[in-house]
Amino acid sequence: MTVRGVRGAITVEANETGAILEAARELLTSLLQANPGMKPEDLASALFTLTEDLTAAFPAQAARELGWREVPLLCAREIPVPGGLPMTLRLLLHWNTELPQKQVRHVYLRGAQALRPDLSPSSRPEES
């Protein structure tokens, strides 16, 4: 079995606990929906990052609330590059799967779609 990286990002509406946790839940559930075979027990780990303007909550809490009890989770600060997208939560999952990398679906939501417009649903070729 191979470990695949699965990326996602979402912008958060406010630096408030509820807003951060809601965005994290939305991102996590969207990644699970985009990758139907993905189950928490197949995840080696998850790394969340937040931009420096998001300090009210740890997004890993949302994963725990969704039942991700055994998945190792880590939260970190995103590098504050000038001109970077503010109010952004990013996620990197390490998924044990037999899928080839080209079949893994990454998810960018809300304003974070600007980070990877090449991965938007309209830019993907039709599956054969």
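Predicted model: local features only at pLDDT ≥ 70, side-chain atom pairs only at ≥ 80, totals over all residues.
When I say contact in this talk, I mean heavy atoms within 4.5 Å. Residues are numbered from 1 along each chain as its sequence is written, and side-chain values use heavy atoms, with hydrogens and water left out.

Let me begin with Arg7, which is found in strand E1; helices (H or I, at least four residues) and strands (E, at least two) are DSSP runs, numbered from the N terminus. If we leave aside neighbours within four places in sequence, Arg7 is in contact with Leu31, Arg90, Leu91, Leu92, His106, Val107 and Tyr108. Its side chain also reaches the backbone oxygen of Leu91 at 3.2 Å, which is a polar contact, that is, a pair of N or O atoms within 3.5 Å where, within protein, one must be able to donate a hydrogen and the other to accept it, and where residues adjacent in sequence count only if both atoms are side-chain atoms. Arg7 counts as partly exposed, at 29% relative accessibility; on this scale buried means under 20% relative accessible area, exposed means over 50%, and partly exposed lies in between, with a 1.4 Å probe and protein chains only. The C-alpha atoms of Arg7 and Leu47 are 9.8 Å from each other, although 40 residues separate the two along the chain.

Now to the sheet that E1 belongs to. Its five strands form an open sheet with mixed pairing, in the order E3-E2-E4-E1-E5, where two strands pair if DSSP finds at least two bridges between them. Strand E3 (73-77) and E5 stand at the edges with a single partner strand each, so one side of each is left without a neighbour in the sheet. From one strand to the next, the twist averages 15 degrees. E1 and E5 pair in the parallel sense over three bridges, and Ile10 has Leu109 in E5 as its bridge partner.

H1 packs on this sheet, touching E1, E2, E4 and E5, and its direction makes about 140 degrees with that of E1; here axes are lines fitted to C-alpha atoms, for helices over the stretch in contact, and angles run from 0 to 180 degrees between N-to-C directions. Does the length of H1 fall in line with, or depart from, what 1.5 Å a residue should give? The 18 residues of H1 should span 26 Å, and the end C-alpha atoms are 26 Å apart, which agrees; the expected span is 1.5 Å times one less than the number of residues in the helix.

The buried residues of H1 include Ala19, Ile20, Leu21 and Ala24, and what covers the buried residues of this helix includes strand E1 (2-11), strand E2 (43-50), H2, strand E4 (88-97) and E5. Ala24 has a relative accessible area of 1%, and, not counting residues up to four places away in sequence, Ala24 touches Pro59, Ala62 and Leu89. In the loop between H1 and E2 we find Asn35, which counts as buried at 2% relative accessibility. Beyond its neighbours within four places in sequence, Asn35 is in contact with Val6, Trp95, Gln103, Val104 and Arg105.

I will finish with charged pairs. Side chains of opposite charge can pair when their charged atoms come close. How many salt bridges does a search of the whole structure find? The search finds six, a salt bridge being a side-chain nitrogen of Lys or Arg within 4 Å of a carboxyl oxygen of Asp or Glu. One of them joins Glu65 and Arg25, with the closest N and O atoms 3.1 Å apart, and this pair links distant parts of the chain, since Glu65 is in helix H2 (residues 60-65) and Arg25 in helix H1 (residues 17-34), 40 residues apart. Both are partly exposed, Glu65 with a relative accessible area of 45% and Arg25 at 28%.

Arg110 forms a salt bridge with Glu26, the closest N and O atoms being 2.5 Å apart; Arg110 lies in the segment after strand E5 (107-109) and Glu26 in helix H1, 84 residues apart. The side chains of Asp118 and Arg116 also meet in a salt bridge, at 2.6 Å from N to O. Finally, salt bridges that share partners join Glu22, Glu26 and Arg110 into one network.
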